Amino acid sequence: MISRLSLLPQALQIHRTVPRAVSLCRRMSVFNASRLAGKTVLLTGASAGIGAATAVLFAKGGSNVILAARRVEALKAVAEACATAHKESGLQQGGKFAIVQLDVSDTKQVATLFDKVPEDLRQVDILVNNAGFVLGVDRVGDIAESDIEAMFNTNVLGLISVTQLLVKDFKARNTGHIINLGSVAGRESYPGGSIYCATKYAVRAFTGALLRELVDTKIRVTEIQPGMVETEFSVVRFRGDKSKADKVYEGIQPLTAEDIAEEIVWAASRPPHVNLAEVFVMPVNQATPTLAYRGGK
């Protein structure tokens, strides 16, 4: 029989080791982003919301980021936030941030995108097609043609144009990662969202076809499909009416831009042989585009 006293030295050793282990765990990050160090990311729609949060998180992970969007002044603020995040990370890799004014719906601007990018950042490793928006809640028959064109030109044609610009180089190097921002609206339609849903269904179809086309390469293809996320998304939908936008999130805790940024960067940081083809993420109290429990935050 082993006496309790004979176990005392071992117990004391464990007692001394556990605090050190806990301290070590506190210093270590479970989210291993080392594979992002030194990578170059092209991120569209980077001026606010999910795009801005994603840019900052990539910067924190030691990546270089090409920030592309229409609003240059907003991009400058995001670039500053990226520089701060990278400095605070203490990482030596990455830390280069370029601003590119880009309207993805303008094919001429897309075609000349890299004319505005510094030469040392022209070899992109990760493309994040984040640019997109929704306008209105009008029903079919009452939707303005200009709204239809605007959503399709940005959400679908713009995403395709930017992807086509980069995919040939990805194929030539047999590497790269294309991450497209889809939506729960691309999985299930809802009244008042016919055009936006149609654009996100198109994104899902395009992403699925691209995944299959690239199956014999080392190029990864991911679609992130968020549910309810509180950003300027709903403000844009309601054409600047903040009170209407706020009602969308009443009684429920929605996702944040940072929540989706984590999913994007998580997908990008997986080992090269791992591809998260679809990431469908919802608030805990949302089940579909129209079914949510609003019993209080």
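The briefing below describes the cavities and the residues that line them.

This is a predicted model, in which local features need pLDDT of at least 70 and side-chain atom pairs count only at pLDDT 80 or more, while totals for chains, interfaces and linings use all residues. Residues are numbered from 1 along each chain as its sequence is written, and side-chain values use heavy atoms, with hydrogens and water left out.

**Cavities**
- The structure holds two cavities of 30 Å³ or more.
- A cavity is a set of points, on a 1 Å grid over the protein atoms alone, where a 1.4 Å probe fits but cannot get out; lining residues have an atom within 4 Å of a point.
- A volume is the space filled by probe spheres set on the points, which are joined across faces, edges and corners.

**The largest cavity**
- Its volume is about 70 Å³.
- Its lining consists of 13 residues, and Leu135, Gly136, Asp138, Met151 and Gly192 lie nearest the centre.
- Two or more lining residues come from each of α5 (145-173) and α6 (194-213); such helices are DSSP runs (H or I, at least four residues), numbered from the N terminus.
- The largest share, three residues, belongs to α6.
- The lining has seven nonpolar, four polar and two charged residues (Ala, Val, Leu, Ile, Met, Phe, Trp, Tyr, Cys and Pro count as nonpolar, Asp, Glu, Lys and Arg as charged, and the others, Gly among them, as polar).

**The second largest cavity**
- This cavity holds about 30 Å³ of space.
- Thr44, Val104, Asn129, Asn130, Ala131, Thr154, Gly158 and Leu159 line the second largest cavity.
- Here α5 gives the largest share of the lining, three residues.
- Three nonpolar and five polar residues make up this lining, with no charged residues.

Definitions and conventions:
1 Å grid on protein atoms, 1.4 Å probe; cavity = no way out; pocket = protein on both sides within 12 Å on 5 of 7 lines; lining within 4 Å.
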